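I set down each item as I looked it up.

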Amino acid sequence: MSTAVRVRALTKSFGPRTVLNGLDLDLAPGEFVALIGESGCGKTTLLRLLAGLDSADGGELDAPAERMVVFQEHRLLPWRRVWQNVAIGLPREAAAHALTEVGLGGHLDAWPATLSGGEAQRVALARALVREPRLLLLDEPFAALDALTRIKMQALVRDLVDAHRPAVLLVTHDVDEAILLADRVVALRSGRLAAEHRVDFAGERSRRNPGFDDLRTRLLAELGVAELAEAR
Amino acid sequence: MSTAVRVRALTKSFGPRTVLNGLDLDLAPGEFVALIGESGCGKTTLLRLLAGLDSADGGELDAPAERMVVFQEHRLLPWRRVWQNVAIGLPREAAAHALTEVGLGGHLDAWPATLSGGEAQRVALARALVREPRLLLLDEPFAALDALTRIKMQALVRDLVDAHRPAVLLVTHDVDEAILLADRVVALRSGRLAAEHRVDFAGERSRRNPGFDDLRTRLLAELGVAELAEAR
Amino acid sequence: MTAVFARPAARTRFPYRTVSWLTPVAVLALWEILARTGLLPKQVLPAPSSVLAKAADLIADGELPSNLLASLQRSATGFVIGAILGLGAGLLVGLSKVAEALLDRSIQMVRAVPFLAILPLVIVWFGIGEAGKIFLIALGTAVPLYLTTVLGIRQIDPKLLEMTHIVGLGRAARIRWVVLPGALPSILGGLRLSLTAAWLALVIAETLGADAGLGFMATNAREFLQTDVIVLVVLIYAAIGILCDLVTRLLERRLLRWHPTYARLTA
Amino acid sequence: MTAVFARPAARTRFPYRTVSWLTPVAVLALWEILARTGLLPKQVLPAPSSVLAKAADLIADGELPSNLLASLQRSATGFVIGAILGLGAGLLVGLSKVAEALLDRSIQMVRAVPFLAILPLVIVWFGIGEAGKIFLIALGTAVPLYLTTVLGIRQIDPKLLEMTHIVGLGRAARIRWVVLPGALPSILGGLRLSLTAAWLALVIAETLGADAGLGFMATNAREFLQTDVIVLVVLIYAAIGILCDLVTRLLERRLLRWHPTYARLTA
Amino acid sequence: AGSAGGGASGKVRLTYSTISVPKSRGVLEKTLKDQGIAVEWVGPFPNHAPTLQAVVGGTADFSFGGSTTPADQAILSGADLVYAAWATSNPRTTAILAGAHTGIQKVPDLAGRTVAVNKAGLGEFLLVAALEKYHVPRESVKVTYLNPPEASAAFGAGKIDAWAIWQGFREIAEVQYGARPIFVDGDELDFQIDFSSYLVRRDYAERNADTIRKVISAFQADYEWQNQHYKQALDIGNSVSHYPQPVLDKMASKNVQTKLSLINDEGIAQLQRGADWLTQRKILSGPITIADHAVKL
Ligand SMILES: Nc1ncnc2c1ncn2[C@@H]1O[C@H](COP(=O)(O)OP(=O)(O)OP(=O)(O)O)[C@@H](O)[C@H]1O
Ligand SMILES: Nc1ncnc2c1ncn2[C@@H]1O[C@H](COP(=O)(O)OP(=O)(O)OP(=O)(O)O)[C@@H](O)[C@H]1O
Ligand SMILES: [Mg+2]
Ligand SMILES: [Mg+2]
C-alpha cells in the first residue's frame, strides 16, 4: 500500500526545548488517524510541520501538496464576509453549500467579527471541507461546539472523508470523538508517538459496545486519567 | 438571601436578530451556575452584558463591580511576558504562584505567541483566578485542554471557588463538566433560560452515581442529543 | 454593585460633526474680531473678511481659479505616479526581504534629502518643463505611502498569511486577499500624508519655471509681502488639508467597514 | 508530494546587511566613474571624491562640525518638543472622541500649510530668533507622530482594551499596558518620518536669522553656487536618513521583540 | 518681538544679509557706538522682503539696503514703511547672458529662445526693458521663471539659451560656462528701474530722525571705504561666498561704486520713475506715490 504521509525521525526544537524528538508516523491514503496528547505536548507543532508551515530540525517528511488545515484558531479574514472566507476564489454557491452544511446558511453575509466562537470554528471547518484535499489536518476543530452541533459536524466530516477519502489527522482532546471517528488513535508523549491503538473492535461505534468502552479506558489510562476512566 | 447577580427581562439584539429576549437570572453569592446551550445561542452575549462590556437593549441588570472574565479567546497581551500577563500590576510572585497552579511554572518568561492553544487558555485562567472577584464569568475555559489537564483545572477552580466563594457563571459545552462543578445548570434557548436543573442528587459527583447519569441524560435531551444520551 | 438599566435604542450620541467644525470656525471668528478691533495689526494678519475680499478679486479676474487649476493638474499627475510607485515599492519591500535589502536603504536616503537641495539636479535631469515638477510631487507623494505600506504589511497577522498559503493562493491573490486589505488602515493613513504632500511639494516645484500655480502664487506673495495673499494661500492650503482628510475618512469608512474601530468613526 | 528534508540548524540565511549596503555603494561608485570620465559635468555634479575632499577641508577648518552641531542642537530641541506634542495630541485624539472633535480638524488644516508660506507669519510671531526655528522643527516633527499615533491606536485590538477594563486598570495604566505598546509599531513608523522631518525643517528654518547650521550651509551654497557644498549637504542629509532609519530599526528590534514580524527584521 | 515703537534712541536694530561688509568690518558699529548708539545685528536674511517683514513686525528697525520693488509692493499691500535712504551703483552690471554655443549675439536673436529670469526681480525687468528697446515682441521669447541657483544649473546644462542675471552669478556663468553678455544694464539703459534702499517704519522715522541720520551717515562712510577698497570688500564677502579666484577677479575688475544718500528730491523722482515703469508693466499691483512714503531728513 502506498503512503500519503511518511514521517521518519522527525525532530523539532524551540530554543533549548525539544518538542518533537524522533517521531515516526505513516498515514495511508484515506486513513483517518486521531492524535491525542497532553496540552503543550507538540500536537500543533507536528501538524504545522505536516502542513509545510515550519521546517523540521531533523528527520524526513513526505506529505501531499494538496492539504488543508483547520487551525486551532479560526483564522478568518476579518475584512471579508463569511461566505468569501469560505470561498476564497471559489464560486459563492460552493461556499453557500458548505456553510449550510455546517449550519450557518443564515450567516453568509455576516462579518467574521460578529460570529460566536463556535460559529467561527464552523466557518473555518467549511473552508477546509469545501476544498477536496488529499491530506486533511484538523486541530481540535470541534472544541468550541456544543454536544449536538458537535455530533452533526462529526457526521459531516465522516461523510466527506468517506466520499473523497483523504488521509486525515485529527487532533482532539475528546477520547470518545477519537474512537468514534478514527481508524487509528495515536498518543503523542515526550516528542514521539508513545502508543497506537487500532479501532477495530467488532460492532457499532457506541459506548454500549464493550469494545468501545475498553479502548476508551485504555486511552484514558494512556493520558493519565486512570481514575476518571474508572470513575465513569 | 441577598443576590450577587440579578437580571430581569434582559433583551439584546444585533440588528434584526434578537439574541436575548426577556431573560431572567439570579445568582446568589457563592453560587456556581453552569450555562449550556447551542452554539450561537447567546451565551457569550449574556456574559458580556454581565461583565458590563456591552449595554442591553432592555431590562434590568445588577452585578458586582469586582468581576473577572475568562474570555472564549485568551486575550493575552502579545507584548508582555506570560507572567506579566497574569500579574498586570500585581507582584511577580502572585503570578508565578498562579501559573504554577495551572501547570505553567516553566513558562513564566515566555512570550504569549509561543504558547500552545491550551497553554494560552490556562494563562488566561490564571489571570482571572489570581484576582479574587465577587463574580467570576468563565466562557468555555477548559475547551482547549486534554482530559487530564482539564480535570486538574476543574479541581483548581472548584477549590478556589470554595475558598473565596464568588458567584460563578460557567459557560460549557461539556455536560459532565457542568454537573461535576455547578450547583445549578441552566440552559439558554431562544433568548431565555429554558430549563433549570439543580444538582442536588445524593452521593458523590461521579458517573457511577445514578443521580449523575439521570441528570446527564435529562440535560442532553434538553440540548437535543437524545439519541447520543441513550447511546451512552 | 453596578446597575445597567435599559437604554432606549436612540441614546444621545456625541455630536462629532458639529463640534469638529466648531474649532476652525471659532478660530476664524476670534481672528476676525481681533482684526476688527485693531488688536491684530493689518500688516501682521489681515482680517479673514479682507482676505476673502482679496479672494473674491482674484476669483473675479480669473487668477485664483487658473492658478488652482494649474496646480491641481500638476499635483494630480504627480500624485498618481507617486502613489503607484510608493505603493508598488512598499509592497515589494514589505513582501520580499531581497527587495528590502536592495531598495529600502536607498529610499531612506533619498527621502531625507531636502527638495531645495536637489533642484539643480532635477533641472539637469528633467529640464525646465513639467516633468521636473511632477517628479518632485511624485517623490513627495511616494515616500509616505511607501513607508506606511511597509508598516502596514509588517503589522499583518502572519497567521492569516499562513492560512492563504494553505488554501493555495498564489502571490497575486495573496496580495489581493490579505496583504492589501490587512495593510489598508496604514496605507490610508499614509494616503492622508501623501495627498497633502502632493500639494506641499508644489511650493518648491513651482519655483521651477512655472508661471502659474498655487505654489507660484505663494512664492510671489512672499517675495512681495502681499500679506493678504499670503494668508489667502495659507487658508487655501488649510482647506486642502481638510479636504484631503475628508476624502481619507470617507475611504476609511467605506473600505474599513469590517474594522471594529474604524467602523465607528465619523467622517 | 512535497519533501521537507532535515536541514542543519545553521542554514544559509540571506545576507541582508551586506546586500542592503550594496546599492548605496554601487550608486556612489557609478557616480564617481561617470564624473571621472567626464560624462557628468563637474559644475552640475562633482565627483564623490572631490566632495569628500571638500568635506575634509570643511572639517579641518571646523566649519562643518560647528554647522552640524548648531543644527543638531536646534533639531534636537525642536524634535523633543514636537515629539511630546505629537504623541500627546495623538494619544488624546486616539483615545477620546471629544478630543478628536476638538483637535483633529485643526491639526489636519495646519499640517497642510507649507512652511515656506508661513515663514513671514513666523517672523511676525516669533521674531527671527531661535524660537521661530524651533517652532518650525517642532511642527514638522509633531505632525507625522500625531498621525501615526492616532493610526496605531485605531489598530489596537479592542478585545485587549476590554480585557484591561475587566482587570480593572485605570486610564494611565491602560495607556501603559495596552495603548502605547499596541500602537508602538505605528508610532515607530512615525518616528522614522519625524526624525528626518526635524532635519528637513532646518532647511527652511535656517534661511532666516541663522548664521550657522546645516540649513544655513545649504542656503549659502545654493546662493553662491558652491556645487561641491550643495552635493556635500545632500550626502549629509542622506547619511542622516540612514542614521534615522537605523535608530528606528534598532528601537523596533528592541521594543517589538514580541512581534512575530518585527522580531525577524534585520537592523 | 519688539515693542511697536521700536528701539530706544540709544540702540538700533539693523538687518544684514548673508554677506555684509559693514558688519564684518565692525567700523560702522564702532562709529555709532561712539555716538551713543548701540547696534544690534538682526539676521542674516537672504533677501530684502523678509527684512521688511521683520521691520513691519517690529523685530528690526532698518531694512537692509535691498531692492526697491518688493518694498514698493509691500507698501502697496499696506505696510506702513517709509524710505529713509537710497543708493545707486555705477557701473550697473546686471546683464542678459547668452549661452556659449547658442549663437545669440544680440537681443533680437532672443526671439524663439528660452530665457530664464527671476520672477519680478532684476532679471525680469532687464529682459522686459531690453525687449522693448529692441522692439522684440515679448511673446516671441520663451520666458521661464527660475531662481538663480536653478537657472545656473539649467544654463550650464544647456536647458536655457539666455539668462538675465546680476553680479556674482553673472561672473560665474561667464567664467565657467563661457557665457557672453549681450545686454548690460548700465551700458544700454539710461534710467534705473530698481535701487538699493533702506526703509523704516513711519512711526519710527517720526521719533528717531536723528538716529536715522547717524545710521545712514555711518553706512555712507562704509560705502565710501568700499568704493575705495573695492577688491578688499569683495574679499571680505568671499569668506562666505567662496567664489573661485577667476570669478572674483572678474568681479573686481568692474570696480562698482555705490553712492548712498538720505532720501532727497532726486531720490524720490528716480524711485518714482522706476515704480511707474513697473506699474505700467503690471509688475507692481498699482500706482504708488513715493513722496508719500519717504522721509526727507
Ligand atoms: N514558536 C515557539 N517558540 C517557543 N516555544 C514554542 C513555540 N511554539 C510552540 N512552543 C512550545 O512548544 C510546545 C508544543 O506546542 P504545541 O502548540 O505543539 O502544543 P499542543 O500539543 O498543540 O498543545 P495544545 O493542546 O495546548 O494546543 C508548547 O509547550 C509550546 O509552549
Ligand atoms: N456584534 C455582533 N453583531 C451581529 N451579530 C452578533 C454580534 N455578536 C454576536 N452576534 C450573533 O449573536 C449570536 C450569539 O452570539 P454569542 O457569541 O453570544 O453565541 P454563543 O452562545 O457564545 O455561541 P458559541 O457557543 O458558539 O460561542 C450569534 O449568532 C452571533 O452571530
Ligand atoms: Mg495545539
Ligand atoms: Mg461564545
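Is Arg6(A) buried, partly exposed or exposed? I find Arg6(A) partly exposed, with a relative accessible area of 31%. I note at the outset that the model is predicted.

Entry 1: the charged pair of Arg6(A).
I looked up the partner of this side chain. Arg6(A) forms a salt bridge with Glu60(A), and the closest N and O atoms are 3.7 Å apart. The pair links distant parts of the chain, since Arg6(A) belongs to strand β1 of chain A and Glu60(A) to strand β4 of chain A, 54 residues apart. I recorded Glu60(A) as partly exposed too, at 36% relative accessibility.

Entry 2: strands of chain A.
I then turned to the pairing around β1(A). Strand β1 (residues 5-14) and strand β2 (residues 17-27) of chain A run antiparallel and are joined by 8 bridges. Within this pair, Leu10(A) stands opposite Leu23(A) of β2(A). The two strands form a hairpin with 2 residues between them, and in the turn Gly15(A) has a positive phi of about 60 degrees. β1(A) is also joined by 4 bridges to strand β4 (residues 58-63) of chain A, again running antiparallel. Here Arg8(A) stands opposite Glu60(A) in β4(A).

Entry 3: the magnesium ion.
Which protein atoms are donors of the magnesium ion (ligand 3)? I find Thr44(A) through OG1 and Gln72(A) through OE1, lying 1.9 to 2.3 Å from the ion. Thr44(A) lies in helix α1 (residues 43-50) of chain A and Gln72(A) in the loop between β5 (67-70) and α2 (82-87) of chain A, so the pair ties together parts that are 28 residues apart in sequence. I recorded Thr44(A) as partly exposed, at 26% relative accessibility.

Entry 4: a charged pair in chain B.
Arg184(B) forms a salt bridge with Glu196(B), with the closest N and O atoms 3.0 Å apart. Arg184(B) is in strand β8 (residues 184-189) of chain B and Glu196(B) in strand β9 (residues 192-198) of chain B, 12 residues apart. Arg184(B) counts as buried, because its relative accessibility of 5% falls under the 20% limit.

Entry 5: the sheet of chain E.
I looked up the strand order and found an open sheet of 4 strands, β3-β10-β4-β11 (chain E), with antiparallel pairing. β3 (66-67) and β11 (257-262) of chain E stand at the edges with a single partner strand each, so one side of each has no neighbour in the sheet. Strand β4 (residues 81-90) and strand β10 (residues 196-201) of chain E are joined by 6 bridges. Among the residues of this pair, Tyr83(E) has Leu199(E) in β10(E) as its bridge partner.

Entry 6: a charged pair at β10(E).
Asp61(E) forms a salt bridge with Arg201(E), the closest N and O atoms being 4.0 Å apart. I placed Asp61(E) in the loop between α3 (48-57) and β3 of chain E, and Arg201(E) in strand β10 of chain E, 140 residues apart. Both Asp61(E) and Arg201(E) are buried.

Entry 7: the wider search.

Conventions
Residues are numbered from 1 along each chain as its sequence is written. Chains are lettered from A and ligands numbered from 1 in the order in which they are written. This is a predicted model: local features need pLDDT of at least 70, side-chain atom pairs count only at pLDDT 80 or more; totals for chains, interfaces and linings use all residues. Side-chain values use heavy atoms; hydrogens and water are left out. Two strands pair if DSSP finds at least two bridges between them. A salt bridge is a side-chain nitrogen of Lys or Arg within 4 Å of a carboxyl oxygen of Asp or Glu. Buried means under 20% relative accessible area, exposed over 50%, partly exposed in between (1.4 Å probe, protein chains only). Donors are N, O and S atoms within 2.8 Å of the metal (3.2 Å for Na, K and Ca); water is not among the atoms, so sites may look incomplete.
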